[in-house]
Number of protein chains: 2
Amino acid sequence: MRILVVGSVALDTIETPDGVHSDLLGGSASYFSLAATHFSTIGLVAVVGDDFPPTHLELLAARGIGLEGLERRPGRSFRWTGVYGADLQDRRTLRTELGVFEDFHPVLPAGTGELEALFLANIDPDLQKDVLQRVGPVPLVAVDTMNFWIEGKPLALADVIRSANLLLINDEEALLLTGLKDLVQAAKRIRESGPEAVVIKKGLHGVLALGPWGWLALPALPLSAARDTTGAGDSFAGGLIGYLAGRNWRDRACFATGLAVGTAIASIAVESYGVNGLATDRRGLLAERYARLRQLTHFDLPPVAAGE
Amino acid sequence: MRILVVGSVALDTIETPDGVHSDLLGGSASYFSLAATHFSTIGLVAVVGDDFPPTHLELLAARGIGLEGLERRPGRSFRWTGVYGADLQDRRTLRTELGVFEDFHPVLPAGTGELEALFLANIDPDLQKDVLQRVGPVPLVAVDTMNFWIEGKPLALADVIRSANLLLINDEEALLLTGLKDLVQAAKRIRESGPEAVVIKKGLHGVLALGPWGWLALPALPLSAARDTTGAGDSFAGGLIGYLAGRNWRDRACFATGLAVGTAIASIAVESYGVNGLATDRRGLLAERYARLRQLTHFDLPPVAAGE
């Protein structure tokens with residue numbers, strides 16, 4: 001285990017114009033792990049209820065994800081129900097049932113002393129902080145969060161962010177967190193508050209990152225067949241952290257490649273419902289996505305006096 | 001004259017949190033020409049009133065822009081007044097006074113038989129069509145438009161778009177034009193309606209382009225000092241068309257470099273009020289922006305089996 005992820009493993013029900021997809025394997029830790037396992041070895045910390053389908057756990061195990069930290073407790077699993085309109089940007093949460101996740105106390109597996117990266121997915125910042133303290137120093141601590149915690153536990157969250165190397169956050173939440181109206185200013189403010197690097201996830205507009213190397217940005221791949229953007233951010237994080245773990249992530253070239261890896265695997269994730277796109281070894285398809293992303297963004301420097 | 005632009009030359013008044021900037025040189029043709037003149041020779045077709053400050057015209061002439069097609073008529077010049085909030089994305093038009101622009105009948109200068117590119121900026125599609133017919137075949141005809149014409153003259157606009165090689169349009173207007181909710185689908189639909197290439201301008205999120213070469217995308221440069229985004233799209237168009245004119249724009253590498261040039265010069269334009277950023281020779285600064293854009297987006301392909 002080189003990467004530990006602490007987050008949710010859930011049952012998702014997704015309503016789309018194509019129909020209803022019930023009790024899919026979902027949750028931030030599931031998406032992250034299934035993406036990251038293409039690049040590294042992963043241990044997953046989460047909790048499920050006694051109603052959780054064994055097939056979902058078998059899928060995670062079959063992909064080599066360590067489940068020693070996945071607690072199974074009496075009660076109902078965390079369930080999320082969302083509905084997508086014709087526009088995938090237009091997502092509404094219909095229901096969130098926390099179930100056993102409400103009393104989640106992360107159980108850490110053995111071997112956390114040797115971690116190369118820790119991903120604290122979007123959970124209660126008090127739990128994130130507790131895990132951070134128990135795990136001790138890790139070369140790359142990455143944190144994600146959401147508006148619920150920004151508004152609900154801003155102080156605890158600020159504490160966690162201060163202790164992290166890298167904050168991953170979406171564009172709206174970056175503005176909410178900083179009270180600013182501009183993503184460039186927001187990224188700078190976030191770095192001033194502690195983390196050496198910040199990655200702002202902008203969905204179909206790609207990512208913007210600020211770190212010790214300065215700015216990096218990549219567009220998303222244009223997709224004709226995007227079906228379900230649930231978990232896109234966690235899949236991106238899995239590709240990014242999966243690639244960076246054990247590498248020199250403070251190096252510009254290394255981080256830039258990590259952003260490309262995250263972008264590529266997120267593009268695969270959103271083309272299928274739930275985690276289906278990530279449930280098998282996608283390294284062949286990833287190579288094709290890297291090449292497409294390179295084609296999409298590559299340009300030759302113009303002559304300085306072009307046209308003169 | 002290798003490029004002809006037909007559009008507006010206006011007096012802009014811009015209210016920002018920093019103060020009011022009155023009677024600035026504005027209009028689509030002004031921004032386009034001042035950007036494009038870095039790369040090619042430009043003739044401008046527009047109309048101004050007898051109140052138009054000679055200094056503004058001297059500025060255009062000093063940059064080598066051909067003003068043979070700039071008509072001066074009795075009456076008031078086209079005036080636009082806009083207000084920006086703390087967020088530059090938050091722009092409101094306070095007043096539009098058409099003045100002599102209301103009866104604009106483009107006067108074409110001599111030499112239009114030798115054009116390498118024609119840019120029909122955002123004006124009445126009936127005028128765009130009339131210019132197209134009078135000019136005859138040009139290797140690259142690019143068209144811009146806006147919601148006012150999409151809603152007001154959809155049939156005439158469709159005619160113009162069908163006859164163009166390249167449509168430049170912003171993201172909201174691409175969705176409005178196609179009735180779709182997704183930019184990827186919108187770009188495809190636009191290409192099906194005639195033009196070989198479409199560039200969707202997404203402001204701070206950069207550009208997305210679809211053409212004979214497939215997809216291209218670039219992020220915008222992150223700017224700390226963006227002050228006035230008026231004319232950003234026309235400056236981008238000036239850089240893009242300025243670079244493409246006389247080149248093989250159907251070639252992926254050529255078009256990609258054009259997108260980078262447009263992105264770079266737009267980043268310079270928005271850092272100053274009005275056209276100030278473009279009023280002098282910025283080739284030195286452009287070279288620096290090309291390098292920054294390359295740094296921002298460049299990544300090395302990951303190993304296919306990264307981490308394994």
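1. A salt bridge is a side-chain nitrogen of Lys or Arg within 4 Å of a carboxyl oxygen of Asp or Glu. By this criterion, the count between chain A and chain B is zero salt bridges. The structure discussed in this note is a predicted model.

2. The relation between the two chains may be considered next. Chain A can be superposed on chain B with an RMSD of 0.0 Å, by a turn of 180 degrees and a shift of 0.0 Å along the axis. The two copies are therefore related as by a two-fold rotation axis. Both copies use the same surface, for 100% of the contact residues of chain A recur in chain B.

3. How many residues does the contact take from each chain? Chain A gives 51 residues and chain B gives 51 residues. The size of an interface is often expressed as the accessible area that is lost when the parts come together. Between chain A and chain B, the buried area is about 4500 Å², and carbon and sulfur atoms give 58% of that area. On the side of chain A, the residues that lose the most area to chain B are A:His205, A:Arg294 and A:Phe299; together they account for 14% of what that side buries.

4. Although zero salt bridges are counted between chain A and chain B, the count of residue pairs in polar contact between these chains is 14, with both residues at pLDDT 80 or more. Which elements of chain A give two or more residues to the side that touches chain B? They are helix H7 (183–192), strand S13 (214–218), helix H9 (252–269) and helix H10 (283–297). The largest share of that side, nine residues, comes from H10(A).

5. B:Thr263 is found in helix H9 of chain B, which covers residues 252–269. Is B:Thr263 buried or exposed? With a relative accessible area of 9%, B:Thr263 is buried, because buried means under 20% relative accessible area. The side chain of B:Thr263 reaches the backbone oxygen of B:Leu259 at 2.8 Å. If neighbours within four places in sequence are left aside, the residues in contact with B:Thr263 include B:Val207, B:Leu218, B:Pro219, B:Phe236 and B:Leu293.

6. A search of the whole structure finds zero disulfides over all chains. A:Cys254 has a relative accessible area of 9% and is therefore buried. B:Cys254 likewise counts as buried, at 9% relative accessibility.

Definitions and conventions:
Residues are numbered from 1 along each chain as its sequence is written. Chains are lettered from A and ligands numbered from 1 in the order in which they are written. This is a predicted model: local features need pLDDT of at least 70, side-chain atom pairs count only at pLDDT 80 or more; totals for chains, interfaces and linings use all residues. Side-chain values use heavy atoms; hydrogens and water are left out. A disulfide is a pair of cysteine sulfur atoms within 2.5 Å. Buried means under 20% relative accessible area, exposed over 50%, partly exposed in between (1.4 Å probe, protein chains only). Copies are superposed by least squares on the C-alpha atoms of residues with pLDDT of at least 70 in both. Contact means heavy atoms within 4.5 Å. Buried area is the accessible area (1.4 Å probe) that two parts lose on being put together, summed over both. A polar contact is a pair of N or O atoms within 3.5 Å; within protein, one must be able to donate a hydrogen and the other to accept it, and residues adjacent in sequence count only if both atoms are side-chain atoms. Helices (H or I, at least four residues) and strands (E, at least two) are DSSP runs, numbered from the N terminus.
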